[in-house]
Amino acid sequence: MNRPFTSRLGLALLGCIATAGAVAQEAAPASPFSANLAFTTNYVSRGFTQSWSRPALQGGVDYVHASGIYLGTWLSTLSDREFRDGHLEWDLYGGYNGTVGALGYTAGLAYYAYPGSSSPLVDGKRYDYAELKLGLNHGSLSATYYRTLTQRWFGTFDDARGSGYVDLSFNPQFGDGYTLQLHAGMGRVSHHREANWHDVKLGVSKALPQGWSVGGAVTRAWDRDAYWTGADFDADPQGTVYTKRLGKTALALTVSKTF
């Protein structure tokens, strides 16, 4: 039985609307904003634990413009045994990402704030400092250089401007969402060779549906004169001295979610 012309026209219009809606949905540009939240069993940065080998909660928000300009902020809980009277790291950063052929590059600035904290190693020294970031990447391989812009650096030195850190990373992706994480780093502190260090990392992560991922990594750091790895932290107001090898071999397991 033939449908009336008006019915056939209505169905055709509905079909066109549905198709147009699907096309519009597919063509809708991705939001320049993203957010992330993570739980880790040990917050390790550049080879050294920042959470006294204990769990940490982390999260951030990023804005990436189509031109390559990016801005973001990131926070993590800390240990007050390492960061006297402090429980939080707050990073603010921005810069530009671009490409030349198959070669990617990045340039940016970052400020690391540790509200309320001061160093147990040197009385009155605050941890806040700023860095310049310059990097190159090709496929899974990247090389990034960080240069300290402030005189003050990580609660220890007041003459550290010009210090640097080199990050070499290789993160190839495999099937089923697996990514290998290989890293080697080298830190140099201006005017204080005793505080220079090296660190390495070996890890793997697995991407899961709906923005979830899980991963694990083993890290280790070395410094020539055990400046960091043999440090004593007198963070107890009653005088108890805590000793921690900050760069010892450590395992960190992480669960994260991106939005």
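Predicted model: local features only at pLDDT ≥ 70, side-chain atom pairs only at ≥ 80, totals over all residues.

Start with the side chains of Ser-51 and Asn-42, joined by a polar contact of 3.4 Å. A polar contact here is a pair of N or O atoms within 3.5 Å; within protein, one must be able to donate a hydrogen and the other to accept it, and residues adjacent in sequence count only if both atoms are side-chain atoms. Here are the Ser-51 distances side by side:

| Ser-51 atom | Partner | Distance |
|---|---|---|
| side chain | Asn-42 side chain | 3.4 Å |

Numbering runs from 1 along each chain as its sequence is written, and side-chain values use heavy atoms, with hydrogens and water left out.

Ser-51 sits in the loop between β3 (48-49) and β4 (56-64); strands are DSSP E runs of at least two residues, numbered from the N terminus. Is Ser-51 buried or exposed? Ser-51 counts as buried because its relative accessibility is 4%, and buried means under 20% relative accessible area (1.4 Å probe, protein chains only). Leaving out residues up to four places away in sequence, Ser-51 touches Asn-42, Tyr-43, Ala-56, Leu-78, Ser-79 and Glu-82, with contact meaning heavy atoms within 4.5 Å.

On to the strands: β12 (residues 197-207) and β13 (residues 212-223) run antiparallel, joined by 11 bridges. Trp-197 stands opposite Asp-223 in β13.

Key: Helix = DSSP H or I, 4+ residues; strand = E, 2+ residues; numbered from the N terminus. Buried < 20%, exposed > 50% of the residue type's maximum accessible area, 1.4 Å probe, protein only. Pairing = 2+ DSSP bridges.
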